[in-house]
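Dear colleague,

Please find below the structure that I am handing over to you. My findings follow it, and I would ask you to read them with the structure open.

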Amino acid sequence: MNGFYYDASDESATDTLGRVLADVLPPGTTIALRGTLGAGKTRLTQAIAEGAGVDRGDVISPTFVLAREYHGRRTLYHIDAYRLHDEDEFEELGPDEYFESDGITLVEWADRVAGCLPKQRVEIDIDITGPTSRRFTVTAVGDRYAAVVAQCEKRVRE
Ligand SMILES: Nc1ncnc2c1ncn2[C@@H]1O[C@H](COP(=O)(O)OP(=O)(O)OP(=O)(O)O)[C@@H](O)[C@H]1O
Ligand SMILES: [Mg+2]
């Protein structure tokens, strides 16, 4: 597999993953977040934001806008595809502006707009493994992120 599993036993372990991702991922990375309601897509986004020097409390899912922006040491764009009807609606909102930016773009419910996502991306699947525990499966889709994803695995296990 072009990626790794990370078992977080609690939210502070999720924060560790977020910190590593915020440190290691290059500008222009899109992260596709997948997982059921309450899996932790927003919580992981908060962890990444905090790792990028953004106040965690600023991170709430966008509702009336396509993307929320957070500016810290890194710029983050936060998209949530949950309320969209289909990929056409998503495309009309102009997501490429974010995908082509120098920020890190996070997409919740990425599976709903899979056909619109950059071919080169990082995918993170989240499984609920217990009341406070989550399994994060981090995968490089395309060659471009294979090395950085491997670097994330190394860092997160230190
Ligand atoms: N280790 C953990 N990592 C992340 N979240 C956790 C963990 N343990 C418990 N949680 C809880 O799980 C919930 C995750 O909610 P969150 O809003 O992030 O889910 P979501 O995937 O964004 O859901 P939605 O599809 O509704 O947007 C939070 O209440 C969080 O406190
Ligand atoms: Mg959410």
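The model is a predicted one. At a relative accessibility of 3%, E108 counts as buried, because buried means under 20%. T42, by contrast, has 25% relative accessibility and therefore counts as partly exposed.

T42 belongs to helix α2 (residues 41–51) and E108 to strand β5 (residues 104–108), so the pair ties together parts that are 66 residues apart in sequence.

Seven strands form an open sheet with mixed pairing, in the order β1-β7-β6-β2-β5-β4-β3. At its edges stand β1 (3–8) and β3 (67–71); each has a single partner strand, so one side of each is left without a neighbour in the sheet. From one strand to the next, the twist averages 20°.

Within this sheet, strands β2 (residues 30–34) and β6 (residues 121–128) run parallel and are joined by four bridges. I31 has V122 as its bridge partner in β6.

Finally, which strands does helix α1 touch? Helix α1 (residues 11–24) packs on the sheet and touches β1, β6 and β7 (134–141). The direction of helix α1 makes about 145° with that of β1.

Yours sincerely,
A colleague

Terms used:
Residues numbered from 1 in each chain as written. Chains lettered and ligands numbered in written order. Predicted model: local features only at pLDDT ≥ 70, side-chain atom pairs only at ≥ 80, totals over all residues. Heavy atoms only, no water. Helix = DSSP H or I, 4+ residues; strand = E, 2+ residues; numbered from the N terminus. Buried < 20%, exposed > 50% of the residue type's maximum accessible area, 1.4 Å probe, protein only. Pairing = 2+ DSSP bridges. Axes fitted to C-alpha atoms, helices over the stretch in contact; angles between N-to-C directions. Contact = heavy atoms within 4.5 Å.
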